[in-house]
Amino acid sequence: MKKILIIISCISAIALTVFSTWHMSRGRQGYEGEIGVTDIMISKYEAKAQFINDHFPMVHAYTGSETVARRILSAVYENSLLYGLSPGLILSVIEVESEFNPRAYSAAGAIGLMQIMPVTGTDIGRSLGLWVNNDHDLYDIEKNIQIGVVFLKECIERLGERNGLGYYYAGHNTEHYHRYTKKIAVARELWMVYRARERA
């Protein structure tokens, strides 16, 4: 009986040792996994910070407000990642459409940074789960940019970049496409040159 108890005790000790080793190994792997996720998050944060720093002086020159400039750039960066459009393209559209004025209002009734028509803002806002109850909501920087980027992406996916940009601006009035896409092309080139100079 005593021998049996000793054997059971030895087996329990071995089992406990094996379990402890396995648990520590799993814990270390989990910790290393968390470090990996943290590194990715830091990398994304640094990339966003770099983007904002690269473009801040020029956007700030337009807005005259540090807070507004940073909100615009943050929204541009986040939505470019979310919807797969070049941030340079989004910045160019904002520059051509409103010169970075969140309160811009056109004679046709287009609103805000990306000059969103109210009916477009309501339809796309609803599909995104955004509260767009009236025209005033489209002056919100983050809402305006997200709705504008989604609409721009839909236009480009349906018609290609050149015609998609034209449609974004003028709908079915194709005679305006060439002039608008030329403005966007010039703006994109200037943003590329500006960013290269800032990072040099």
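**Entry 1: Gln115 and its loop**

I started with Gln115, which lies in the loop between H3 and H4. Helices here are DSSP runs of H or I with at least four residues, strands are runs of E with at least two, and both are numbered from the N terminus. The model is a predicted one, where local features need pLDDT of at least 70, side-chain atom pairs count only at pLDDT 80 or more, and totals for chains, interfaces and linings use all residues. Residues are numbered from 1 along each chain as its sequence is written, and side-chain values use heavy atoms, with hydrogens and water left out.

Is Gln115 buried or exposed? Gln115 counts as buried because its relative accessible area is 12% (buried is under 20%, exposed over 50%, partly exposed in between, with a 1.4 Å probe and protein chains only). I also checked the backbone: phi of Gln115 is positive, about 50°, and Gln115 is not a glycine. I noted that most residues other than glycine have a negative phi.

**Entry 2: Ala104 and Tyr105**

Which of them is buried, and which is exposed? Ala104 is buried, since its relative accessible area is 12%. Tyr105 is exposed, since its value is 52%.

Then I checked who touches whom (contact means heavy atoms within 4.5 Å). Not counting residues up to four places away in sequence, Ala104 touches Ser98, Ala110, Ile111, Gly112, Gln115 and Tyr139. Leaving aside neighbours within four places, Tyr105 is in contact with Ala110, Ile111, Gln115 and Tyr139. So my opening residue, Gln115, turns up in the list for Ala104 and in the list for Tyr105, going by the contact rule.

I wrote down two C-alpha distances as well. Ala104 and Gln115 are eleven residues apart along the chain, with their C-alpha atoms separated by 7.4 Å. Tyr105 and Met117 are twelve residues apart in sequence and 9.8 Å apart in space, C-alpha to C-alpha.

**Entry 3: Phe100 and the rings**

Phe100 is another residue found in the loop between H3 and H4. Its phi is positive too, near 65°, and it is not a glycine.

How many aromatic pairs are there? I got five (rings of Phe, Tyr and Trp, the last by its six-membered ring, pair if their centres lie within 6.5 Å; planes under 30 degrees apart are stacked, over 60 edge-to-face, the rest tilted). One of them is Phe100 with Trp191, an edge-to-face pair with 5.9 Å centre to centre and 70° between the planes. This pair links distant parts of the chain, 91 residues apart: Phe100 sits in the loop between H3 (87–98) and H4 (118–128), and Trp191 sits in H7 (residues 177–199). Phe100 counts as buried because its relative accessibility is 1%. Trp191 is buried as well, at 3%.

Another pair is Tyr169 with Tyr180, which is stacked, with 4.4 Å between centres and 5° between the planes. Tyr169 belongs to H6 (residues 161–170) and Tyr180 to H7, eleven residues apart. At 38%, Tyr169 is partly exposed, whereas Tyr180 is buried at 2%. I also noted that Tyr62, Phe100 and Trp191 form one aromatic cluster.

**Entry 4: Charges over rings**

Which charged ends sit over rings? The charged end of Arg103 is over the ring of Tyr139, 4.0 Å from its centre. The charged end of Arg70 is over the ring of Phe56, at 4.4 Å. The rule asks for NZ of Lys or CZ of Arg within 6 Å of the ring centre and within 35 degrees of the ring normal.

**Entry 5: H2 against H5**

I then took H2 (residues 66–83) and H5 (residues 141–159), whose axes come within 9 Å and cross at roughly 35° (axes are lines fitted to C-alpha atoms over the stretch in contact, and angles run from 0 to 180 degrees between N-to-C directions). The contact includes Val68, Ile72 and Leu82 of H2 and Ile141, Val149 and Lys153 of H5.

**Entry 6: The whole chain**

Last, I zoomed out. The chain has seven helices and zero strands. Buried residues make up 36% of its 200 residues. Among contacts between residues at least 6 apart in sequence, 53% join residues at least 24 apart.
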